[in-house]
Amino acid sequence: MTEKEPPELPRGIALAWGVAADPQRGPKREMSVEKIVEAAVALADADGLGAVSMAAVAARLGFTPMSLYRYVSAKDDLLLLMQEEATGLPPESHLEVDGWRERLLALYEAQILVYLRHPWMLSLPISGSPITPNSSAWLDAGLAALDGTPLTAEERIAVALAVTGHARWCGIVQAGYTEQSRSSGLSPDEVAAREASLFDRVITADEFPALRRAIEEGVFLSSADPFRFAVERTLDGVAAYMTGLERGERHIVAEEWVDLDVAELAGDKRLKEAQKASREAEKALRAARKVERQALRDARERIAKAKRSA
């Protein structure tokens, strides 16, 4: 009985680990995978991911597009290598702080900075775990921060992924505000003020009572960092969970992912039509309720006016 052969590494991953075969022939020694990736990252940093093409990278390096394909044979491989290059290694400084929580927070802050330096990374699709050296180093650092805790292996990776998720969400929002500020010529404070005024204009107490109260309390003009608050509270929960483990408590962890029903996954036509009809009905109901609220306000005004004139 022969052992099953391990899967062959995809070309992009093999290039990232430095185990892909070198091209048999190509332009002069000035060309290399590393230089191609550096040029592509520079283009994306300057003008966004849309500026990156084999032709643009080749022009930046002074070669023909065909010469690049001898080194990086597919655009997807180039994007993977760009992500790997921009991600870099986790900073050694996170090892200078003590405690699992402080180290995870240091990694959280460092990941946000990566996204702010290279916001185009947030546009790359997530098609699975990035099995590359630098990305693996970040995950390893998160897991290492939890060494010595009572968490299981599954729980440690869940915590590390939660911190990464918080950093990515913060990066998406901060990078978006930065781009809006750059394109509009407004300062970040001016962008926030404009956004707050737009919310104030369209959000009514009748339709969105909780959100209206939040607006009136100035949440959109607050200098507080909601993302830091969220990650801190997540780690509060992890700390409380660890305390429970030390007391002998053990919580049941969900073993199934949230997923679509098999009928939805199959793309059943009748189901899609029914879902569309349901969305349209919900939209009509929201519109009808809006009319009802306006009619109620009008009726109240008429009653008040009648009382004043009586």
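Trainee: Where does glutamate 155 lie?
Mentor: In helix α8, which covers residues 153–184. Keep in mind that this is a predicted model.

Trainee: Is glutamate 155 buried or exposed?
Mentor: Buried, because its relative accessibility is 10% and buried means under 20%.

Trainee: Which residues is glutamate 155 in contact with, leaving aside its neighbours within four places in sequence?
Mentor: Pro150, Tyr241, Leu245, Arg250 and Val253.

Trainee: And what lies 2.9 Å from a polar atom of its side chain?
Mentor: The backbone nitrogen of threonine 152.

Trainee: Changing topic. How many helices and strands does the protein have?
Mentor: There are 13 helices and 0 strands. The radius of gyration is 27 Å, well over the 19 Å that the globule rule gives for 310 residues, so the protein is more spread out than a compact globule.

Trainee: What box do the C-alpha atoms fill?
Mentor: Roughly 95 × 60 × 50 Å, taken along the principal axes.

Trainee: What share of the residues is buried?
Mentor: Buried residues account for 29% of the 310. Glutamate 155 is one of the residues that count as buried.

Trainee: What about contacts between residues at least 6 apart in sequence?
Mentor: Of those, 68% join residues at least 24 apart.

Trainee: Last one, charges. How many positive and negative side chains are there?
Mentor: The protein has 39 positive and 48 negative side chains. The centres of the two sets are 10 Å apart.

Notes: Residues are numbered from 1 along each chain as its sequence is written. This is a predicted model: local features need pLDDT of at least 70, side-chain atom pairs count only at pLDDT 80 or more; totals for chains, interfaces and linings use all residues. Side-chain values use heavy atoms; hydrogens and water are left out. Helices (H or I, at least four residues) and strands (E, at least two) are DSSP runs, numbered from the N terminus. The radius of gyration is taken over C-alpha atoms; the globule rule is 2.2 Å times the number of residues to the power 0.38. Buried means under 20% relative accessible area, exposed over 50%, partly exposed in between (1.4 Å probe, protein chains only). Contact means heavy atoms within 4.5 Å. Lys and Arg count as positive and Asp and Glu as negative; His and the chain ends are not counted. The place of a charge is taken as NZ of Lys, CZ of Arg, CG of Asp or CD of Glu. A polar contact is a pair of N or O atoms within 3.5 Å; within protein, one must be able to donate a hydrogen and the other to accept it, and residues adjacent in sequence count only if both atoms are side-chain atoms.
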